[in-house]
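Please look over the structure below before reading my points. They are written for someone new to this kind of note.

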Amino acid sequence: MAQPLPFVLNVPEIPEDHDREPSPYDESEVHDSFHQLIQEQSQCVAEEGLELRQRGLGAAAPGTSGSGRQALVGPEDAAAYSTATLRILASMPSRTIGRSRGAIISQYYNRTVRLRRRVSRPQLGGVGRSARPSLRLYDLELDPAALEEEEKRSLLVKELQSLTVAQRGHMLKGMPLGLAEKRSLREESRTLTGKPRERRGRRGLFPCCGWLRDTCVLALHGLGLWLLAGLHGLKPWRYALKRIGGQFGSSVLSYFLFLKTLLAFNALLLLPLLAFVVGVQAAFPPPASPGPVPAFTGLELLTGGGRLTHTVMYYGYYSNSTLNPPCVPAPDGGQCGRETDGLPYNMPLAYLFTVGGAFFITCITLVYSMSHSFGESYRVGSTSGVHAITVFCSWDHKVTQRRASRLQHDNIRTHLKELLAEGQLRQGPRSVCGRLRQVAVLGLVWLLCLAITLGCTVAVYAFSELMIQSPVSAEQGGALLALPVVVCLLNLGAPYLYRGLAALERHDSPVLQVYVAVCRNLILKMVILGILCYHWLGRRVGALRDQCWENFVGQELYRLMVLDFIFILLDTLFGELVWRLISERKLKRKEKPEFDIAGNVLELIYGQTLTWLGVLFAPLLPAVQIIKLVFLFYIKKTSLMANCQAPRRPWLASHMSTVFISLLCFPSFLGAAVFLCYAVWQVKPSSTCGPFRTLDTMYEAGKVWVRRLEKAGPRVSWLPWVHRYLVENTFPVYLVSALLLAVIYLNIQVVKGQRKVICLLREQISNEGEDKIFLINKLHSVYEKKERSRCCRDVLKSAASHLPSSRFQTPSLLLYCGHQDPRCPLLVTPDLGLRRVTHPVPSFPQPVKI
Amino acid sequence: MRTAEPPRSLRPGWALRGLRSLAPALSNFLLQPGGGSADFAYREPGPSAHRRFCELLPQEHRSTEESLHTRVSLEQILSLPELKANPFKERICRVFSTSPARDSLSFEDFLDLLSVFSDTATPDLKSHYAFRIFDFDDDGTLNREDLSQLVNCLTGPGEDTQLSASEMKQLIDNILEESDIDRDGTINLSEFQHVISRSPDFASSFKIVL
């Protein structure tokens, strides 16, 4: 209440009140006077309400007219509260934090206190009243509010001073305040420390020293700023990515970002290979192979054979000897540098360790980025709240084009409508027949898809057997392309078949549809690659006994990669450009084809798998992949801009990128690693070429080297020991895997515990909410009482002057009226006859103290 | 103490020719003691933001010193291509404006805006400002009117594109059901941030690239 009542009306209990009844002849007179009173008082109430509202407006922040009208919907009563109650509600800390600067300051004060004291939460009693946002402070009274804000500000400054510079910067950075405010806070928290005095004293001694230093610092800062701006401009494809994001939103952008990630992975793989294997070998070329050097025809770029065969491109070129002329700079660092310390440069070892090390680095990076991505995109208990998330988070602020913005409006609207309809659908169970039919269709489609996959696999297998039985010579370059062409054709055609089949089944959620499509395509690609791996390591090794089978596998992978690129180009051309032309010209459709993000990303993953598979046999394959990716970026971008539109389905960009990076890690990288491990440990390298030509397996190189180290002397005796006990012994492997399992189990348990805690906290919050409602209701009733008593006082006054008979001045009558309507006794309807007044209802409020 | 000193650009020591080309007053402004210098979020968009800001100013106010103190009206800011297609553009400008009438932006405000929408802003900061942008009546909570206005902004400006009244009611009921943890009929900042924290895509979509 704006103005508390200064006195309490003491109403004596008069037992005779109930017995006294007004005589019937008074009735009309009393009625009339009541009517008059009602009119007068309703006017007065209206005025008062107006006044109250104005005060509310004045006291709260400007523009809060809506807040006063906000009705608090409690579980038991949805009645509107009085303006005063609502004002208090509006000034509750939980509501002011979103708008009031003072509240923000005090919130951050609390945080700094917490940071300093390292306690979980400052005790409400301990912080001091002024430090926490309290309703008394800013909104109810204006002047004290400003004062309190100043006080809190100075407290915050003090707290900031006690933090370290880094912590302070971090804290200030996260504050949702304006730049000017932050700057003044920072300045204050800095100037009040002891430093300036020191500085001034020093400046007194050396007056020029101060500004010289300042100038230097500023110059350095300026230089840094300039460099930063330059770096910002140097970020690859920044402008192109901005344009894509502006036109197509985050979903399509995620494809290009994935492409960028792959580029980084390839660079990571290529750099050590270039430094320790390719570069060194190129600097000390092996003796040229006997026989004529074939002429360059151009077809080599497709087949990877011919002229390219005896180059650093392939495994066969690398020598098995040690490269130890005195001028070789011993390569420090890396995997081979340490071990070869003081030893000549051993090419087989360098080859083995570099490939192994590069794979290891890739593995670590991949696992790290996958775990990071998982941490970002999956939160404990994040399954609920689709509507709220859609409404709050679905607008993509990157979008800058009007057309794209309209498309986004449409997408969000459709999505919201679908969500609402889905909610209604879920309530009505589907009929048994319909569900059966759906299951049947689903099973049929899956069966067909698996059959297609099987057919493709059998086709690849049969064709590869055919290729082995009718060997082609290296001169017939074109014939070498047959198997890759078949594989690429199958890879291109099968997804279209899958897409056609997927049109038959109806999935409830579009996300599920995408997952199913990804799953089918992935199965196909992995099975085909598996068959090819078997073909290479199982069949080709036997078939090419006297030739360099490693070169052949490397070339095969090169061919697959190049043809994959060509087929992607064809797919882009026909699937996007021609399809758009047809649909625009012939079908007169306005819509462009949608950009198939999942399919395109799977293509990328497939290409990357080829690179990883081939890196042992063709160390420069990552370079080829980098070139391919760069081309792909521009081609896809151009095609996208010209031919495509963003997908209409909502796309959970971060979830999907998590899925993609996991796919990159799990079947793709892991499969390649298993393949390479098998090749290193089990397969006999060819005896005519390559760094391992004299050995039984590639792994032997390491063993031989360890044996030599053992002989070399006690200086490096720990290395053989490590080898004997950690590598050859199986126990460490078991130990590590057991530890890993234990860590995983612990993590699962921790997450479970967190879930439980979240549930408990949620319960706690809802209890607090109920408490809040209870308190608000109490508050409301207190106000109500006060208001009623004031109204009664007014009525008493006016009744005293109006009522003809002194009998009706008794408070009990008026209170009874008040009971009829809690707001004011005089809002009682005029037809409330005296007869009813004289027979009070049983619930008459007996405690008449007002 | 420091504020009493003359601006660095006026001091003789600040005559490093090489940095003149980089609008020394600007870098000076950005690097003021206690200014944005420790704030990476301000440093990153600094120079390019200033260039874009100057383009909005009339020719005679484009000098560096003056541009730091001139305000740009709402209409001009809204004509930026980065904001043009954004349905929340007016709210964004109002939230970041520090002028009393909330209708113009100074360079500082503009920097604030960009830093919040940049990559380097913390998710907390982003969600705080998102809340203020969605709080159409500035009362500190998202009530039903705010939510319906928000949904209307999302679904499009036209009458025919909006949801029907019953759909809107159901949607808002669902939103409140999901996010109003303390059941007081409105969504306050912490509840809002709680919802936002479950959406990993928010940080990447709440971004404006200059």
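This is a predicted model: local features need pLDDT of at least 70, side-chain atom pairs count only at pLDDT 80 or more; totals for chains, interfaces and linings use all residues.

1. Residues are numbered from 1 along each chain as its sequence is written, chains are lettered from A and ligands numbered from 1 in the order in which they are written, and side-chain values use heavy atoms, leaving out hydrogens and water.

2. Chain A has 31 helices and two strands (DSSP runs, H or I of at least four residues for helices and E of at least two for strands, numbered from the N terminus). Of its 850 residues, 46% are buried (under 20% relative accessible area, 1.4 Å probe, protein chains only).

3. Over all chains there are 33 aromatic pairs (rings of Phe, Tyr and Trp, the last by its six-membered ring, with centres within 6.5 Å; planes under 30 degrees apart are stacked, over 60 edge-to-face, the rest tilted). A:Tyr255 and A:Phe595 are edge-to-face, because their planes stand at 70 degrees, with ring centres 5.4 Å apart. A:Tyr255 is in helix α13 and A:Phe595 in the loop between α23 and α24, so the pair ties together parts 340 residues apart in sequence. Both A:Tyr255 and A:Phe595 are buried.

4. In chain B, the rings of B:Phe88 and B:Phe134 have centres 5.3 Å apart and planes at 55 degrees, so this pair is tilted. Both B:Phe88 and B:Phe134 are buried.

5. The charged end of A:Arg520 sits over the ring of A:Trp446, 4.4 Å from its centre (CZ of Arg or NZ of Lys within 6 Å of the ring centre and within 35 degrees of the ring normal).

Methods: Buried means under 20% relative accessible area, exposed over 50%, partly exposed in between (1.4 Å probe, protein chains only).
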